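Q: Could we go through the aromatic rings in this one together?

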Amino acid sequence: MSVYHKINEEEDFSFTANGTSKNDDFDFSTKTNSKIGEEQNRIRTLGKSKEYENFINSFLNYNKKITSWEASLFAGLQYSNYNSESFTSALNNYNETSYEPFQQTQDGFNVNVFSGRIDFEKKFKNEMKWETGAQYSSAIAHTDLDIKNFEQDLASNSKYQLKEKNTAAYAQLSGTLMKISWMAGVRAENTKIFGRYEGEPVSVDKDYTTLFPKAQLSIPIDSTKTLNLNYGRSISRPDYSSTSQGLTYINPYFAFATNINLNPSITSEIAANLQYRDKSVKLSYYENSNVINYGFLYNEPQNLLIYRPQNFEKETGYNLEFLLPFSSNFWSSNNTVSFILNKIEDTSAVIGDTKPYAYYYSNHVFKLKNELQFSLTGWGLTSRNEGVFQRNSYFQLDLAASKTFIKNLSCTVNYNNVFRNRTFTENFEVSNVRSNAIFFVDNCEFSIAIRYTLGKIKDSIYKEKEVNENSGRIK
């Protein structure tokens, strides 16, 4: 639902609210060969999991043009709520006997996020532009975890609360000097995080301030070529649900878990991009600290191996990227090829070889007669040796066809992952645990969409602006 109102020629406001609801049911099974001392067991585990998710998002925008100053003002408020309930049950069969109840896990998670933002923009007669603004967000997340272990006749319940506040301010100046466009700016962010289990002292207490400078230069070489130089520092924060408490048992010795101590990842990047008409080549170097990947934690008293997200110390890499679009009569295509050298390091891990790998993407659209359009998209990765992690190569082919039958009626058919490639391998050694994992992902999809347009759609001058730039974390 959206409401837009134009107050006058210089002022307008809008209100938008939307929501989604989703249910996920899936079954899993594992085979485990265990040897602890002289005791050996072959264990088959059957499990069922159900999850219910609800998301509500609403925000208010206000825009005002200050004509006498050649300036504009934006203010916005946003409220979001995400709620999920999951239930998992599992049965074990030891040494080809009978299936007996193993565990039941019930996990409830809820997060409320409130955000406010204000931006001011001022243009000067010499084509310079000044931009400044501030943003505030506050999040409160609750997790309620119940675990019943039938084999050990144990039951536990824990409640965890996370509070996070982010305050940010930014300023940047841009302009043109001798046909060279430039921009320089800085953003400062302060973050406060408190986490506590019910009835216990504070488990997480963080308070830090970080600066994020950025600079850009755009240098025209001639009428067809432009050189762009960029430097920037950015932050990527973990999802709220990743920093809550959560645990899902796969078998008696292995479980997936979340990590309440996750820190955000900080990225510094410098890049040069040469644009020639619609084609370009870009070379960049980046450094990431506290990069988030999955690793292992071994709980020796419980003889339990936990697979969870964690912060690795450092990631560095080079990326050489080519963008090569093509168009001729009824055929058009967009093509991307990247050559990447990436290395992930951590003192808890064994560092393996680092070798370059490639990412490729190619989309082709054929516009045929009688309003028929056919699309073919292929993308993939070569095998990757990235220091800590070694991963396999992958390729996927997607097909689509669309047809307009009458003026307002169209039909689109999609078939993704035609070759049904769904196997991923990942090898690493972290915290004295060696993993040679194979993941099977069912991402094949066939869909049909029919669209009928009632009347003529007018172009709208209404453009929504996101208040919370980290909305993707609300899950």
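The chat below turns to aromatic pairs and to charges over rings.

A: Before we start, this is a predicted model, in which local features need pLDDT of at least 70, side-chain atom pairs count only at pLDDT 80 or more, and totals for chains, interfaces and linings use all residues. Residues are numbered from 1 along each chain as its sequence is written, and side-chain values use heavy atoms, with hydrogens and water left out.

Q: How many aromatic pairs does a search of the whole structure find?
A: The search finds 23 aromatic pairs, where rings of Phe, Tyr and Trp (its six-membered ring) pair if their centres lie within 6.5 Å, and planes under 30 degrees apart count as stacked, over 60 as edge-to-face and the rest as tilted.

Q: Why is the pair of Tyr285 and Tyr318 tilted?
A: The planes of Tyr285 and Tyr318 are at 45 degrees, with the ring centres 4.9 Å apart, so the pair is tilted.

Q: And where in the chain are those two?
A: Tyr285 is in strand β14 (residues 279-299) and Tyr318 in strand β15 (residues 304-323), 33 residues apart, so the pair links distant parts of the chain; strands are DSSP runs (E, at least two residues), numbered from the N terminus.

Q: Switching topic, which ring has the charged end of Arg473 over it?
A: That is the ring of Tyr240, with the charged end 4.1 Å from its centre; a charge sits over a ring if NZ of Lys or CZ of Arg is within 6 Å of the ring centre and within 35 degrees of the ring normal.

Q: What about Arg391?
A: Arg391 lies over the face of Phe389, at 4.4 Å from the ring centre, and Phe389 belongs to one aromatic cluster, with Phe254, Phe256 and Tyr294 among its other members.

Methods:
Helix = DSSP H or I, 4+ residues; strand = E, 2+ residues; numbered from the N terminus.
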